[in-house]
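Work through the exercises below with the model open. Each task is followed by its solution, step by step.

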Amino acid sequence: MSDPILSVEGLQVNYGRVEAVRNVSFEVAAGSLVTLVGANGAGKTSVLNAVSGLLRARQGVIRFKGQDITKWPAHRLVKAGLVQVPEGREILGTLTVAENLSLGGWHRGSTLHKNVAGVYERFPVLFERRKLQAGALSGGEQQMLSIARALIAEPEILLLDEPSMGLAPLIVDEVFAVIEEIRLTGTTVVLVEQNARRALAAADFGYVLETGEITHSGPAHELLADEKVIEAYLGLD
Amino acid sequence: MQLFLDGIFLGSIYALFAIGFTLVFGILDRLNLAHAAVFTAGALVGIEIVTRLGVPIWLLIPMVLVFGAVLGILIERIAFRPLAGRHDAHFAGLISSIAFGAILLSLLQAMYGADTRRFPADIFTPTRVEILGATVSLLQVVILIISVSLMIVLTWLVAKSKLGRGMRTIAENPHAAAVLGLNVGRISSTTFALSSALGAVAGVLFTLNVNAASLGIGHAVELKALAVIVVGGMGSLPGALIGGLILGVAEVLAVNYIGSSWRDMVAFGLLFLILILRPQGLFGARKTREV
């Protein structure tokens with residue numbers, strides 16, 4: 001990888017005195033799909049939140065497009081094109097679908113309408129339900145809304161935190177199809193998943209996180225073929 | 001009619017104070033107990049400005065608005081932001097805002113002493129006008145116009161502006177707001193600035209109404225404002241407005257028909273009654289949060 005769009009070096013994240021993440025380093029090439037997999041509590045969300053500026057890194061350097069963004073606040077990163085789709089979707093349940101979408105374009109005044117129209121075209125179900133309270137949508141629809149809302153912010157890199165969590169297998173297929181499409185438009189994707197097999201199958205490159213540290217990394221298809229990795233870290237499903 | 005109007009004048013001041021109080025609560029989920037000290041500070045600093053500079057009322061109000069806004073930003077920075085990450089942030093903020101208020105009152109006492117202060121007697125000519133058979137002073141009408149227009153501006157801001165959209169998003173889900181790229185810190189501090197600006201102006205209007213300000217006026221109003229926002233529905237702006245007006249009218253009627261010692265009895269009795277009939281308050285919003 002010559003010039004990674006995102007690089008993390010020696011990241012440490014603490015919650016109070018508890019170390020959640022230790023000495024984590026990884027790189028994401030522009031246009032690629034990179035996944036961080038690992039069990040619940042391995043520190044995947046902490047890594048993602050530190051990159052997104054929602055958590056302060058205790059140590060380490062995070063770079064985005066060559067700039068040191070370690071101390072940047074979340075709103076500045078969103079404006080710069082680093083956008084997260086958070087765990088648990090975090091849609092605003094009492095606002096309508098349309099209002100949720102327009103919040104995605106907080107920093108995109110002039111292109112907001114065009115972006116919303118584009119998203120409605122891709123997700124007709126959101127167009128149909130645009131006047132409904134977002135809390136009334138099904139889990140799968142809420143996940144689509146959360147992804148769509150992030151797309152309206154025009155991400156150069158999209159960080160997805162457990163997008164398949166709590167969804168029926170058929171809906172998970174849809175979510176992964178959407179991720180594949182996003183990636184085909186040239187947007188770089190970082191995918192954090194417990195569903196490791198699924199994530200590695202979709203990704204170019206993978207990192208395995210265990211209790212706050214990276215234990216394995218490599219091209220995703222190699223990790224997927226590595227019996228030791230599968231047995232020890234990914235479990236049998 | 002006379003009594004009713006007097007009640008409305010008084011109530012509009014309560015409402016203005018309460019609306020600032022409830023704004024911070026409704027949007028940031030924090031009770032700012034320094035709000036009473038801001039009210040007192042607004043009154044005393046307002047008197048100081050008029051005494052020293054002799055400015056007319058239309059210039060005084062914007063100056064006090066700015067003063068209050070600055071105080072609000074300080075309150076957010078000093079009493080609330082450093083505690084934001086704690087899981088007991090609600091309670092910690094409550095205590096630290098009481099401390100901030102106490103410090104502010106001590107400063108005011110050091111600067112202006114503990115005596116009652118008044119506006120210079122000659123600056124506001126006591127013109128009287130007749131409305132619907134009742135005699136009111138022009139000053140009272142001006143007070144009402146100022147407080148009502150400020151409340152209208154605030155309500156518009158929260159309902160229609162981009163800032164207001166940000167505020168409502170933070171009210172619903174502060175984490176989601178941060179993920180979406182809203183500058184949560186700045187919007188929070190603007191919320192405090194607006195709240196305190198209104199609180200400080202309420203102090204000036206209250207003082208103009210009775211032409212006396214002492215260090216204790218904030219505390220007298222604070223409990224009433226809490227009653228008002230509970231009755232109106234915690235966090236509801238129209239609730240604070242209507243609640244304030246009801247309290248003002250109830251107080252004036254109680255003083256006149258029952259006796260001044262019954263004033264608080266009636267006011268807080270009303271609070272109990274409304275809460276028994278409508279536990280969520282008049283305009284209580286059902287707070288549903290996504291799990």
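**Exercise 1. Classify how helix 1 and helix 6 of chain B are set against each other.**

Solution. This is a predicted model.
- Step 1: take the two elements. Helix 1 of chain B covers residues 2-28, and helix 6 of chain B covers residues 162-172.
- Step 2: read the geometry. The packing angle is about 60 degrees, and the axes lie 7 Å apart.
- Step 3: apply the cut-offs. Under 35 degrees would be roughly parallel, and 65 to 115 roughly perpendicular. Helix 1 and helix 6 of chain B are therefore oblique to each other.
- Step 4: find the contact residues. G26(B), I27(B) and L28(B) of helix 1 meet M167(B), I170(B) and A171(B) of helix 6.
- Step 5: sort them by class. The contact has 5 nonpolar residues, 1 polar residue and no charged ones.

**Exercise 2. Work out the strand order of the open sheet in chain A that has 4 strands, and find what packs on it.**

Solution. 
- Step 1: write the order. It is 2-1-4-5, with antiparallel pairing.
- Step 2: Strand 2 (18-29) and strand 5 (67-68) of chain A each pair on one side only.
- Step 3: look at one pair. Strand 1 (residues 4-15) and strand 4 (residues 59-64) of chain A run antiparallel and are joined by 5 bridges. E9(A) has V61(A), in strand 4, as its bridge partner.

**Exercise 3. Describe the side of chain A that touches chain B.**

Solution. 
- Step 1: count both sides. Chain A gives 17 residues to the contact, and chain B gives 13.
- Step 2: locate the suppliers. Helix 2 (74-80) and helix 3 (97-104) of chain A each supply at least two residues of the chain A side. Helix 2 of chain A has the largest share, 4 residues.
- Step 3: split by class. The chain A side has 8 nonpolar, 7 polar and 2 charged residues.

**Exercise 4. Decide how compact chain A is for its length.**

Solution. 
- Step 1: list the elements. Chain A has 10 helices and 10 strands.
- Step 2: The C-alpha trace of chain A spans about 50 × 40 × 35 Å along its principal axes.
- Step 3: check burial. Of the 237 residues of chain A, 46% count as buried.

Notes
Residues are numbered from 1 along each chain as its sequence is written. Chains are lettered from A and ligands numbered from 1 in the order in which they are written. This is a predicted model: local features need pLDDT of at least 70, side-chain atom pairs count only at pLDDT 80 or more; totals for chains, interfaces and linings use all residues. Axes are lines fitted to C-alpha atoms, for helices over the stretch in contact, and angles run from 0 to 180 degrees between N-to-C directions. Angles under 35 degrees count as roughly parallel, over 145 as roughly antiparallel, 65 to 115 as roughly perpendicular and the rest as oblique. Two residues are in contact if their C-beta atoms, placed from the backbone, lie within 7 Å. Ala, Val, Leu, Ile, Met, Phe, Trp, Tyr, Cys and Pro count as nonpolar, Asp, Glu, Lys and Arg as charged, and the others, Gly among them, as polar. Two strands pair if DSSP finds at least two bridges between them. The radius of gyration is taken over C-alpha atoms; the globule rule is 2.2 Å times the number of residues to the power 0.38. A residue is buried if 20 or more other C-beta atoms lie within 10 Å of its own, exposed if 12 or fewer, and partly exposed in between; C-beta atoms are placed from the backbone.
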